[in-house]
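Please open the model in your viewer and keep the sequence panel beside it. The tour begins with a single contact and then widens to the whole chain.

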Amino acid sequence: QVQLVESGGGLVQAGGSLRLSCAASGRTFSPHVMGWFRQAPGKERERIVRIIWSGGSTVYADSVKGRFTISRDNAKNTVYLQMNSLKPEDTAVYYCAAAISPGRGYDHWGQGTQVTVSS
């Protein structure tokens, strides 16, 4: 069973940076897709970026394009989200998720990590 554990959240001032990590454990990790999502209070969950594991292609939401960067370390079974130029509206709980097989959707989720950006 794959387990995903996020870390790296916290409180940062507007304009600052944070790097989130998502470490996968449980077995050899080779998902089809990895994604980072976020959910702010009173809002729907938003997918902000996804990466195709094998090829590395990425898709970013317009809200984070140019500010956030996803990367991965296959040897460590870890995905990172580098967040720069943070804004108060980036405040949310951030989740990583994995779609293990094509067509099955995101079927493994981390517990989430809080990111708070103060103005």
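Predicted model: local features only at pLDDT ≥ 70, side-chain atom pairs only at ≥ 80, totals over all residues.

Keep T113 selected and show its surroundings, where, leaving aside residues up to four places away in sequence, T113 touches E6, S7, G8, G9, L20, A92, V93 and Y94. T113 is in strand β11, which covers residues 113–118, and its relative accessible area of 11% is under 20%, so T113 counts as buried.

Select T58 next, in strand β6, which spans residues 58–60. T58 has a relative accessibility of 34% and counts as partly exposed, and, again not counting residues up to four places away in sequence, T58 touches R50, I51 and I70. A line drawn from T58 to A24, 34 residues apart in sequence, runs 19 Å from C-alpha to C-alpha.

Now show the whole protein chain as a cartoon, in which you can trace eleven strands and zero helices. The radius of gyration is 14 Å, close to the 14 Å that the globule rule gives for 119 residues, so the chain is as compact as a globular protein of that length. Its C-alpha atoms fill a box of roughly 40 × 30 × 25 Å along the principal axes, and 43% of the 119 residues count as buried.

Finally, colour the charged side chains: there are 13 positive and 8 negative ones, and the centres of the two sets lie 5 Å apart.

Conventions
Residues numbered from 1 in each chain as written. Heavy atoms only, no water. Helix = DSSP H or I, 4+ residues; strand = E, 2+ residues; numbered from the N terminus. Buried < 20%, exposed > 50% of the residue type's maximum accessible area, 1.4 Å probe, protein only. Contact = heavy atoms within 4.5 Å. Rg over C-alpha atoms; globule rule 2.2 N^0.38 Å. Lys, Arg positive; Asp, Glu negative; His and termini not counted. Charge placed at Lys NZ, Arg CZ, Asp CG, Glu CD.
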